[in-house]
Amino acid sequence: MTTPFTYLEPAGLADASRLARQEGAMLKAGGIDLLDEMKEGLVAPEKVVRLSALKGMDRIEVKNGKLRIGALVTLATVAAHKQVREHARILAAAAGQAATPQIRNAATVGGNLCQRPRCWYYRHEDFPCRKKGGDQCFAETGENRYHAIFAADGPCHIVHPSALGTALAALGGQILVFDGQKSRSVAVEQFFALPSVDVTRENVLQPGEIIEAVEIPSAKGKKSAYHKQRERLAADWPLAEVAVVYEVKNGAADGVRLVLGHAAPIPWRCPTAESYLSGKKIDAGAAAEAARLAMAAAAPLAQNEYKVPLFTVLIARALMAAEKGEPA
Amino acid sequence: MDLRFKLNGREQSVSIAQDRRLLWVLRGELGLVGCKYGCGEGYCGACTVIVDGAAVRACQFPAREAAGREVLTIEGLAKDGKLHPLQQAFMEHDALQCGFCTPGMILAAYSFLLNNHKPDRKAIIAAMEGNLCRCGSYVRIVAAIQAAARRMYGG
Amino acid sequence: MSEVKLKLGIPGKYEERVVTLPEGEPKPYDADSKLSVVGSRHPRLDGFAKVTGQAKYAHDIRLPDMLYAALLSCPHPHARVKSLDTSAAENMPGVKAVVAAADQHVRFAGQYVAAVAAETLEQAERACRAIKVDYEPLPFVVDLEEARQPGAPKVFDNRDSNVRAADPTERGNLAEGFAAADAVVEATYKTQVQTHACMETHGLVAHWEAPDKLKVWSSTQGTFAARDNLARRFELGAENVEVITEYMGGGFGSKLGLRDFESAAVELARKAGRPVHLMVDRKFEHLSTGNRPNSVQVMKAGCTKDGKVTAWQVDSYGTSGIGGGAGVANPSVYDFPAVRKTSADVYTNAGPGCPMRAPGHPQGIFAVESMMDELAYKIGMDPVEFRRKNNSHPIRDAEFELGMKAIGWERRNQTPGAGPGPLHRGIGVASGRWSNVGERRNSRIQVRVAIHPDGGVEVENGAQDLGTGTRTIVGLLAAEELGLPVEALTVKIGHTSYPYGPASGGSSTAPGLAPTVRKAALLARRRLFEVVAPALQAQPEQLECRDGKITVVSDPGKTMDWKRACGLLGTTPINELATRSDNFDGWQAEAAGVQFAEVEVDVETGRVRVLKVVVVQDCGTVLDRLTAESQVIGAVIQGISYALLEDRILDRTTGVMVNPNLEQYKIAGSWDMPEIEAIMYDAAIGYNNAGVNGLGEPPVTPTAAAIANAVYNAAGLRMRELPITPWRVLAADAARRGGRS
């Protein structure tokens, strides 16, 4: 059920930012997640600021070795775009495997990064969980097979749902945030925030701030892989997701970025594994050891212990696939 | 608000509350009940319609965003009383049982075939992953789409 | 009464039987019947309506002045309604009527407590939220094991406990059976709660044409059952209630009765004096409209080393929520000399179970066929050979042969789980059954065939088509009997103003209708021949009709086309009503099927992919090969969905379903579909004049078991609990390696 609301049509980005600061206003790009949330009775904005009308935010370009993707580019476009495939192939893969064709046609890059978690307690209006201002996390002792295995102190155990977030973090991407007057560039890792920072949100965006674009250093020539495993073979959220990007210098890995999705409330980097791999030739032994290190700090809940062996395998496989140059 | 758009090839104008979803405008104000409510959350695809050539889920698609655009529903697919090759193939291959998911299936396939003229089986399966059929007709749906593609584009 | 000699049985092994037929009964189909339309691959008659969007489902009915209804559900799993105040809701914009549920004791989260009718659905939904309900929450239990414990919160106050045990059954001597066994396996098998998840949710449009005259467009599996229920509920004569189901978006057993929330919509229409449209949302559908109960089957079975099962013991229990009927078909398929069985329904504060495609069977057969597999491997016998040694059904025995050949049975792993690397492939087998040749005796079923002077033919029966192809088989059978192309007929179904048709439950629609259609068409054809015979200077019995031409058999020069022949009727159409005869003694009453599944298991990620399924299925006479295969393929896909994905998950601490949607309640999609080879096994079974058995249920019964057995053959992991998810496979693998699970 949805309560009535009115649409606001911004004249430009600054206007959108101004409108979004109004009481009861929310931003909408493709509308996929916002409309879900309204249907579920989780939000009831009186005003919806339509970003889709804004000009120029649906472009993809390459400048100075950086791939820039406008926030309103759809996932379908990201998946199919030649330059994305060339400079950030794991981003194209992540976008192309997310959700369903109908959703990919409408969902945008900005919306994907800002979507709210799929935790079934959060999504169910009958559960007043912490993320909704309540005083408990129902997943902690409840049905938590799909929940986080990291950041065990909570106070909320969601996994972040953004497939692009995982890939972008591995690519070392930046998110361009417009604050109403000017744009600032935020590293993807700094963009997402743990529940311990603010349990009601998943990122650092302030009211009225809008994602304008993402910028990615070209990964052309680098090794990379994006692996995920779902329960249903398609049109399903991953149980586990792994993205890895590195360069090969003198036959050894360098600048490794290993990021896990659906493991934690944010795209989860694995610094111990990354530094272990740095300077090593990636082979089966090194990949297995890196996977073990990445999982060393895992603290699963009652029903999601399976994610530990699952991630262990997916990490090792992703590393080997990257090394061998298999398709993303 | 007054919504103007092209519906099944004809200019259409309808007065709606601006927060209405396209599905309910089509099924309600416009009486086109071929697009179905299955889950209301975009996971089943029974409400699939075509907007400017792309398959969208009408249950979540704000009607006002159809303004000035071209919407195709199952009712508009047959031309001059002649079935679209997809419709023909779905009948011949028995790619349906209860038929409730069928309009959405056909339209999802329609949008896919616009840009994919010689799809292999795997590509068809991928294109149809957003449409659920509880009767389990997928095997025949895929065969029907392949047959329709051949009829439309040869090969 | 007349006697007729029939050739019955299976190809290569036909036998002659003399059966006694009632007067006027067409000669039953047997192995020598030469059929032209029946058994062909005919596209379904309503395909055009369905591919063009013209087919009108209950959701799609639009009447002038129609109101829309919305339901208010209780969020608590167990509560008493202390007060319910609808005054605010009644005064909201657009609201025309409000009703409250009669039952003020709510026993599951999601139970309907009130309903509103308003000018728009949105207005009705908003008004529902304005209904003030004061609940007194009561202790509850949703977990099967917890509910069995002494002292568990009671679902029904008037019962001693939540456990309702059925009388134990025992045959043969179990102790002797186990003593004679060379191998004994003890194991516990578990299955989950599955919801029907019909694409079209429950719904209806109710229209009171007069204060004592009700017309309802309903998404129902039983038009006449719905009519009779409505008549009772609203104290009307059945003749004053009309139920229409032209098309429906699936039922699978969940749409057999009139639900309280459906009555509520009818009541709203009466109160408002306007038609009311109700279409429940997906969440309500999952919570309140039925499910397949779960099961725990604690088993012990023994066999000799030459493969004969000697003893079979099963203690089963399961929950159907606040309903009953959690029994399982265990043992089934095979005949064992010594069996002991106990079973119990366990009440929980969850939505009531109801029949779902072969009630009790997929869950029972999962345990039966898993156990058969375990025994076969334990004595080192080929699993098919082991089954054949314990099988007495001749059709099934022949089906094993066909199935083994089609799947390439010799490709299976000789040592389960052998081979390097994480990916393992394997093949498993299981048998299905269904014990129904339809309505053995239902003289309410009638079919009318009318032949009009202009040549038009109408075939009428009020039963509904769930998507199984009822409309189509009715047309094919009548066309066969009349000697006309199917396109020349008008088939009218799904309306209680037509002659009585059966509810579609127990796979009884085709066996109930098919013989009656034949009989009515034969009567009508005889009448026409009586009129035409003099014009062709022949006796009626010398005539035949083929391809729309009536001909004297002995003198083919004497012929008349159908239309001209009908013109001889003058102004009086032929109008024949036939009544379903009782079944007679045929050859084989029980439907048999076997399935072989080939899977690939990734033992490192726990992922199971079904690569191929071979189905060999009998249904007696195959009426339409195309739609029959569709139904079999669909059953397999539903079986895969049950085996690998579906699970209704209730939060134990709150009693609320956490996945009441199609996002987290996962049903198989396009990618989950394997290659499926559906082989319809042709058997001449007798029993009714069309030789037809039901097909809806049998093919869904063995799929999960075949997949679980294939996983074992592939990976050496015995999966005793459904659904077979990645985490269960990983846990089984860890347990095998002795690691933590």
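A crossover counts as right-handed if, with the strands pointing away from the viewer, the path from the first strand over the helix to the second runs clockwise. This is a predicted model, in which local features need pLDDT of at least 70 and side-chain atom pairs count only at pLDDT 80 or more, while totals for chains, interfaces and linings use all residues. Residues are numbered from 1 along each chain as its sequence is written, and chains are lettered from A and ligands numbered from 1 in the order in which they are written.

**View 1. A right-handed β-α-β unit in chain C is made by β23(C), helix α12 and β24(C).** Helices (H or I, at least four residues) and strands (E, at least two) are DSSP runs, numbered from the N terminus. Helix α12 covers residues 470–482 of chain C, and strand β23 (residues 457–460) runs parallel to β24(C), to which four bridges join it; two strands are taken to pair if DSSP finds at least two bridges between them. Within this pairing, C:K492 of β24(C) is the bridge partner of C:E460.

**View 2. An open sheet of three strands in chain C has the order β6-β4-β8, with antiparallel pairing.** Because β6 (105–106) and β8 (132–137) stand at the edges with a single partner strand each, one side of each is left without a neighbour in the sheet. Strand β4 (residues 79–85) of chain C is joined to β6(C) by two bridges, and these strands run antiparallel; C:A79 stands opposite C:V106 in β6(C).

**View 3. A:V245 lies in strand β10 (residues 238–249) of chain A.** This residue is buried, because 25 other C-beta atoms lie within 10 Å (buried means 20 or more such atoms within 10 Å, exposed 12 or fewer, and partly exposed in between, with C-beta atoms placed from the backbone). Neighbours within four places in sequence left aside, A:V245 is in contact with A:I90, A:A170, A:L171, A:A219, A:K222, A:S224 and A:R257, where contact requires C-beta atoms, placed from the backbone, within 7 Å. By comparison, 24 Å separate the C-alpha atoms of A:V245 and A:V177, which are 68 residues apart along the chain.

**View 4. Chain B is divided into domain 1 (2–76) and domain 2 (85–153).** These bounds come from an automatic or database domain assignment, and the centres of the two domains, taken over C-alpha atoms, are separated by 21 Å. In the contact between them, 14 residues of domain 1 meet 13 residues of domain 2. On the side of domain 1 that touches domain 2, β3 (48–51) and β4 (54–57) of chain B are the elements that give two or more residues, and β3(B) provides the largest share, three residues. That side has nine nonpolar, four polar and one charged residues (Ala, Val, Leu, Ile, Met, Phe, Trp, Tyr, Cys and Pro count as nonpolar, Asp, Glu, Lys and Arg as charged, and the others, Gly among them, as polar).

**View 5. The contact between chains C and B takes 46 residues from chain C and 41 residues from chain B.** On the side of chain C that touches chain B, α1 (47–51) and α15 (625–644) each supply at least two residues, with α15(C) giving the most, nine residues. By class, that side comprises 22 nonpolar, 15 polar and nine charged residues.

Notes:
Contact = placed C-beta atoms within 7 Å.
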